[in-house]
Amino acid sequence: MKFITTTFVINTFPLACAVLGFLMFVLPSRLGVRGKALWTMFLLLGGSKFVLFETLGGHRFSPELPELLIWGLNFVNSVLYVLVALSLVWWTRRGRRFLLPALAVVLAAWGQYEGTKVPPVKEIELAFPNLPAGLDGYRILQISDLHCSSAARGWRTRAIVDAANAAKADLVCLTGDYVDGRVAFLKDDMAPLKGLRARDGVWWVTGNHEFYQDGFRWEKWYRANGFRFLVNDGVRPRPGLALAGVNDPVVSHYGGYGNATPDVAAAFRASRPGDFRILLEHRPENFRANVWRHGADLQLSGHTHGGIAPLIDRVVARLNKGFVRGLYREGDSALYVNPGVGLWAGFPLRFLDPAEITVFTLVRPPS
């Protein structure tokens with residue numbers, strides 16, 4: 001019943017937006033009959049995106065369709081959303097014929113470009129008073145929320161890997177949501193991730209999307225290709241550094257990856273007194289508990305996509321206990337919520353919310 005309800009909401013929301021677009025933009029506009037008919041068909045096409053994905057490609061979130069077709073439908077859908085949002089605040093008739101739709105097209109194109117371009121590497125220096133002297137200057141690279149799919153193919157994965165390797169970090173951490181789709185269709189697009197390199201290793205944890213489609217087959221593929229997931233366990237990549245990771249909590253509903261629900265205490269079992277403790281956890285919401293109960297010095301998370309856009313980010317923050325993007329401090333400890341390097345095909349827009357590959361340089365504060 002829950003699946004049927006979710007499917008109904010996801011499919012009908014854009015159609016409802018198409019109806020709103022017709023009532024708020026098409027009817028009040030000074031367009032002629034032909035212009036109104038063309039805009040009505042355009043809005044209906046955008047409102048039918050998820051229905052078309054399921055009809056033509058098999059899955060509403062990860063349709064197996066040509067990349068250009070997916071982005072074409074996404075663009076029409078994005079124009080629809082932006083047009084409805086603009087119509088809500090643009091009540092006068094003046095300018096609706098040309099200016100309003102032109103602005104919607106430009107904003108949709110900009111948002112889609114920001115959501116699909118290969119992100120830059122962002123360098124951040126983090127100071128910790130308890131950092132062991134041997135880790136002063138240590139560099140950690142984080143990649144989160146890749147969402148490789150039919151709308152984000154292997155060329156993009158390869159470019160992200162090349163940018164990450166060029167940063168020459170000591171340690172690479174990946175914090176969940178890597179792929180949307182089936183192994184048979186996307187394994188070649190994920191293959192460039194095997195090329196990630198770091199002196200102290202490349203370490204992974206699951207996100208919620210690891211379980212939604214073909215989860216057990218992807219788990220088998222990761223193992224066959226040497227990807228090292230931290231599942232309620234940890235490693236000491238070098239003296240003084242403890243790295244731990246936990247599953248996303250949806251594992252309890254889907255299984256796989258050891259069927260291990262998150263257990264941060266177990267993940268840090270291998271750490272030693274005096275270690276600098278880094279936790280990889282896809283969702284940021286448990287940061288304060290991880291600091292005070294488990295002694296985490298640095299938590300790296302993703303999941304929120306940075307909030308996607310102003311106003312929407314406030315909703316995303318409320319759903320994640322106030323954490324949505326960037327750096328947060330709790331005493332001497334820190335959380336970084338990565339906005340991710342990708343977006344799922346259902347809502348492929350970013351506004352004032354750039355994607356990033358993040359490199360942290362750990363330093364001891366001046367004495």
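Student: How much space lies in the largest cavity?

Tutor: About 40 Å³. This is a predicted model, in which local features need pLDDT of at least 70, side-chain atom pairs count only at pLDDT 80 or more, and totals for chains, interfaces and linings use all residues. Residues are numbered from 1 along each chain as its sequence is written, and side-chain values use heavy atoms, with hydrogens and water left out.

Student: What makes a space a cavity?

Tutor: On a 1 Å grid over the protein atoms alone, a cavity is a set of points where a 1.4 Å probe fits but cannot get out. Grid points are joined across faces, edges and corners, and the volume is the space filled by probe spheres set on the points. Searching the whole structure gives one cavity of 30 Å³ or more.

Student: Which residues line the largest cavity?

Tutor: The lining consists of Trp71, Gly115, Thr116, His147, Ala151, Ala152, Arg156, Gly342 and Leu343. A lining residue has an atom within 4 Å of a point. By type, four are nonpolar, four polar and one charged. Here Ala, Val, Leu, Ile, Met, Phe, Trp, Tyr, Cys and Pro count as nonpolar, Asp, Glu, Lys and Arg as charged, and the others, Gly among them, as polar.

Student: Why is His282 called buried?

Tutor: Buried means under 20% relative accessible area, exposed over 50%, and partly exposed in between (1.4 Å probe, protein chains only). His282 has 1% relative accessibility, so the residue counts as buried.

Student: Where is His282 found, and which side chain does its own side chain meet in a polar contact?

Tutor: His282 sits in the loop between β8 (276–280) and α11 (287–294). Helices (H or I, at least four residues) and strands (E, at least two) are DSSP runs, numbered from the N terminus. The His282 side chain makes a polar contact of 3.1 Å with the side chain of His303. A polar contact is a pair of N or O atoms within 3.5 Å; within protein, one must be able to donate a hydrogen and the other to accept it, and residues adjacent in sequence count only if both atoms are side-chain atoms.

Student: What makes Thr206 buried?

Tutor: Its relative accessibility is 0%, so Thr206 counts as buried. Thr206 belongs to the loop between β4 (202–204) and α8 (215–224). Leaving aside neighbours within four places in sequence, its contacts (heavy atoms within 4.5 Å) include Asn247, Asp248 and His282.

Student: What is the N to O distance for Glu114 and Lys117?

Tutor: The distance is 3.4 Å, and their side chains meet in a salt bridge. Glu114 is buried at 14% relative accessible area, while Lys117 is partly exposed at 28%.

Student: How many salt bridges does the rule give?

Tutor: The count comes to 16. Salt bridges also link Lys122, Arg325, Arg350, Asp353 and Glu356 in a network.

Conventions. Salt bridge = Lys/Arg side-chain N within 4 Å of Asp/Glu carboxyl O. 1 Å grid on protein atoms, 1.4 Å probe; cavity = no way out; pocket = protein on both sides within 12 Å on 5 of 7 lines; lining within 4 Å.
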